[in-house]
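This report describes selected features of a predicted model.

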Amino acid sequence: MAGSDLHTAVDLVQLAIEHGVTIGTAESLTGGSLAAAIVDVPGASQCLEGGVVSYSHAVKERTLGVSQDVLEAKGAVDPDVARAMARGARTALGVDWAVSTTGVAGPEPHDGQAVGTVYIGVSGPRGDDHLELHLDGGRAAIRRETVSRAMDLLASQIELTDNCQ
């Protein structure tokens, strides 16, 4: 994991269970490794409903409801796409919270975005948000860091919502 101060998969699962919320994922850049990291935690079945690996634009459109116009105009590596993916996963999976990953792991730039450009979307009861990252390293390192940061963002949002009630 990238840093000891980040929420881990164990933290995320414990928070979701404690707060009685369900979670889901929508992954492009991470190709299912975010959901896999959550599933590795004993008890994850109490909160994780599922995930969508939406590597292609077609799946982002059909399954997650991301606008074809947005994808054509901005490409998949965009904060609007990250938020739409999370919102679409929340709807498709019927969950309280969803997190999404989209970005460029390399080795070459994509959609006009540099390697290491990552957007993580989150959708929940308080609305949608995103986190923009510019990561260094190779493909595997960028994907690992994205998984770590996505779990942290989702856990932080679940905590924040609890503190606002």
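Apart from its neighbours within four places in sequence, Ile158 is in contact with Leu12, Leu15, His19, Val21, Ile23 and Trp97. Ile158 also belongs to the largest nonpolar core, which has 31 residues. Together with Ile158, the residues with the most contacts inside this core are Leu12, Ile23, Ile38, Met151 and Leu154. At least two core residues come from each of helix 1, helix 2 (33–39), strand 3 (97–103), strand 4 (117–124) and helix 6 (139–164). Helix 6 provides the largest share, eight residues. A second, separate core has 13 residues, among them Leu64, Val66, Val81 and Ala84. As a general background, nonpolar side chains in soluble globular proteins tend to be buried together.

Helix 1 spans residues 9–19, and its buried residues are Ala9, Leu12, Val13, Leu15 and Ala16. Viewed down the axis of helix 1, these buried residues fall within an arc of 165 degrees, and they therefore line one face of the helix. Two features concern the ends of this element. At its start, a side-chain oxygen of Thr8 comes to within 3.3 Å of the backbone nitrogen of Val10. After helix 1 comes Gly20, which has a positive phi, near 65 degrees.

The largest pocket holds about 250 Å³ of space. Its lining consists of 16 residues, and those nearest the centre of the pocket are Ser28, Tyr55, Gly103, Val104 and His110. Helix 3 (57–62) and strand 3 each contribute at least two residues to this lining.

Ser28 lies in the loop between strand 1 (23–27) and helix 2. Is Ser28 buried or exposed? Its relative accessible area is 7%, and a residue counts as buried under 20%, so Ser28 is buried. The side chains of Ser28 and Lys60 are joined by a polar contact of 3.0 Å. When neighbours within four places in sequence are left aside, Ser28 is in contact with Ser54, Tyr55, Lys60, Met85, Thr101 and Thr102.

The two distances described above are set out below.

| Atoms or groups | Distance |
|---|---|
| Thr8 side-chain oxygen and Val10 backbone nitrogen | within 3.3 Å |
| Ser28 side chain and Lys60 side chain | 3.0 Å |

How values were computed
Residues are numbered from 1 along each chain as its sequence is written. This is a predicted model: local features need pLDDT of at least 70, side-chain atom pairs count only at pLDDT 80 or more; totals for chains, interfaces and linings use all residues. Side-chain values use heavy atoms; hydrogens and water are left out. Buried means under 20% relative accessible area, exposed over 50%, partly exposed in between (1.4 Å probe, protein chains only). Helices (H or I, at least four residues) and strands (E, at least two) are DSSP runs, numbered from the N terminus. The arc is that of the directions from the helix axis to the C-beta atoms. A polar contact is a pair of N or O atoms within 3.5 Å; within protein, one must be able to donate a hydrogen and the other to accept it, and residues adjacent in sequence count only if both atoms are side-chain atoms. A nonpolar core is a set of buried Ala, Val, Leu, Ile, Met, Phe, Trp, Tyr and Cys residues joined through side-chain atoms within 4.5 Å. Contact means heavy atoms within 4.5 Å. On a 1 Å grid over the protein atoms alone, a cavity is a set of points where a 1.4 Å probe fits but cannot get out, and a pocket is an open set with protein on both sides within 12 Å along at least five of seven lines; lining residues have an atom within 4 Å of a point. Grid points are joined across faces, edges and corners, and a volume is the space filled by probe spheres set on the points.
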